[in-house]
Amino acid sequence: MISKPLLRSLIIWAIFIIGMLLLPKIFALLGFSKGNLRTLIQACYLAIFAMSWDFISGRTGYISFGHPFLVGIGAYTTAILSYRFDVPVMYSIPIAVIVTMIGGTLFFLPALRIKGSYFALVTLAFMELMYQLVQVIRPDLTGGTRGISGIETLTRGAVNGYYLAVSLMLVIAFVLWAILKTRIGTALSAIAMNEESVKGSGLSTTKLKLFAFMVSACVAGIGGAFLAHYNGSIAPRALFDINFLFTIIVAALIGGSSTIIGPMIGAFFLTLLLEKLRPWLPGAERYFVYGGIALLLYMYQPKGLYAIFWQVVDRFRTRRGGQS
Amino acid sequence: MFQILIQGLLLSGLYALIAVGFTLIFSVGRVLNLAYGVSLMVGGYTFFYTAQVLEMPKLVGVLLAIVVGAVFGLLKYRLLVKPLKGDHVAIEISTLILAVVIQAGIILVFGDATKILHSIIDGVWQFGTVSITANNVAAALGSWVLILGLYAFIKKTHIGRAMQAVSMDQKGAAISGVEPDKVNAATWVISGALGAAAGVFFASYTQLSPSMWVAPLIIAVAIVIVGGIGSIIGTLIVAHIIGFMEIITTTLFAAELRGVFTMILIIAVLVIRPRGLFGREEL
């Protein structure tokens, strides 16, 4: 038997999935150009990274400042395999995901002993280390400072690219949601509140954290690998970059941390906002406005747009309830 | 060899100044100020604007940079840190966002291109086979003067001792009649001023660019993590370890590898001895 709340969430999921899949058709009807669809593709990938970040940081409270490290490993592995060694994409992407998960284990080691601010810093150090190493070690493989371009692309045209990106995003979102509905998800959220008491309840926090890191790394690897094959190019400054980290974190936080829908809302909101600002603010000004809005929203409501939405709904409901 | 020694000493002095401003906030307020690198950038650009665009005397530029840095520090405390009420994660994230916003703001005002700062003091000195620019010597000396001044300030003045008290035990300090809020505000002002001064020196070492805040932030973080919180001596020693290792890798191996050692050191220390080599406690 399926319980009532579960049935309701499944119906919401179905509506959401159908809506996302129909978006290109709606765009075509409204007469938007293909460029808008490309924006949405970027938003889908950003949503994947934001969900991956949120799975560690939003749930367990271990703030990762090194997520570009994981995304970058995924992107670089598949790019090097397919471009330098002619490995077919159907093998190179799974290998890239596995390598990223191994990288995620590296990430995990410091989390055994340190937490809070120190953990955030060590992950930042991982990212900077990778940025510097990638340019120096074997530039014949990594392409050095300039990176690699001309990587095999998986899809042709914006519509196909969109379907690939949006299906990836939806599948990942659904799987993460399903994981969090189990008892493991509850235990993960409990770690953020009080790690000691989770340990006291007889659960192995080490195993739980390892699991969260593996899932997060896996998602980041998938996103990074597919993004490399969508863009067709990678560069160290585009991947191992503090601005990229900023975009991921801001997307997750603005949408609503520790929810599944939140990072997706955030990614779409921010990507579309940047795109809408383009006509008036063509250059770096956009990031000024973008960051400013993100900062104000974050200071106003750290739980993001998702929480603001429910606040408004609640206020509306209580007002109506009062009148009747 | 002599070359490495001289250059190492000069660079380490600068790094020590960069780290001291950062460790001050970390020790007293227990928060990571990820916008600290931006203080350096603000200082560097203020100096650039007054001394090279308005063509005022260089000393005025340095002083103005310090004032702007102090005001910037106070604003950060009042507008970001205080409303967030000591929520560490929120402060880290909001200072990171602030850093990116100000980077964009700098691009807006000064453009994306890197700028070369004129040296604060002109001239080249010859020591046997080694030649060093007077500018770098001035930067290192200036750094040491500021560090010693800060040390005396913390040890001798009332507010300095209050800062020490808050860093050890905030509640205890409050009971003894110290206002943590005022002490924290003072710490942010001093840190901002030191950062801005370090920024002028740092920019004259390298160059001005809107992304210049990342490197000094990483250096400061590394020195503070490896040195441990609440230890000025530890900060100075580790600043020299990192400064010398950078010079050694640059001269003997490749300039691109100079950050690698620093990163490995951070990761190793955090995994093996999280409270740092000289720190008094774990965070």
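Which residues touch the most other members of the largest nonpolar core? They are Ile97(B) and Ile223(B), in a core of 197 residues. The model is a predicted one.

- Beyond its neighbours within four places in sequence, Ile223(B) has contacts with Tyr15(B), Ala19(B), Thr235(B), Val238(B), Ala239(B) and Ile242(B).
- In soluble globular proteins, nonpolar side chains tend to be buried together.

**Contact between chains A and B**
- Chain A supplies 35 residues to the contact, and chain B supplies 34 residues.
- On the side of chain B that touches chain A, two or more residues come from each of α4 (88–110), α9 (214–227) and α11 (258–272) of chain B.
- The most come from α4(B), which gives 15 residues to that side.
- By type, the residues on this side of chain B are 27 nonpolar, four polar and three charged.

**Hairpin in chain B**
- Strands β1 (residues 124–127) and β2 (residues 130–133) of chain B pair in the antiparallel sense, with four bridges.
- Gln126(B) has Ser131(B), in β2(B), as its bridge partner.
- Two residues lie between the strands of this hairpin, where Gly128(B) has a positive phi near 60°.

**Loop residue in chain A**
- Asp86(A) sits in the loop that runs between α3 (67–84) and α4 (89–111) of chain A.
- The phi of Asp86(A) is positive, near 55°, although the residue is not glycine.
- Most residues other than glycine have a negative phi.
- Asp86(A) counts as exposed because 9 other C-beta atoms lie within 10 Å, and the cut-off for exposed is 12 or fewer.

Key: Residues numbered from 1 in each chain as written. Chains lettered and ligands numbered in written order. Predicted model: local features only at pLDDT ≥ 70, side-chain atom pairs only at ≥ 80, totals over all residues. Core = buried A, V, L, I, M, F, W, Y, C linked by C-beta atoms within 7 Å. Buried ≥ 20, exposed ≤ 12 C-beta atoms within 10 Å, placed from the backbone. Contact = placed C-beta atoms within 7 Å. Nonpolar A, V, L, I, M, F, W, Y, C, P; charged D, E, K, R; others polar. Pairing = 2+ DSSP bridges.
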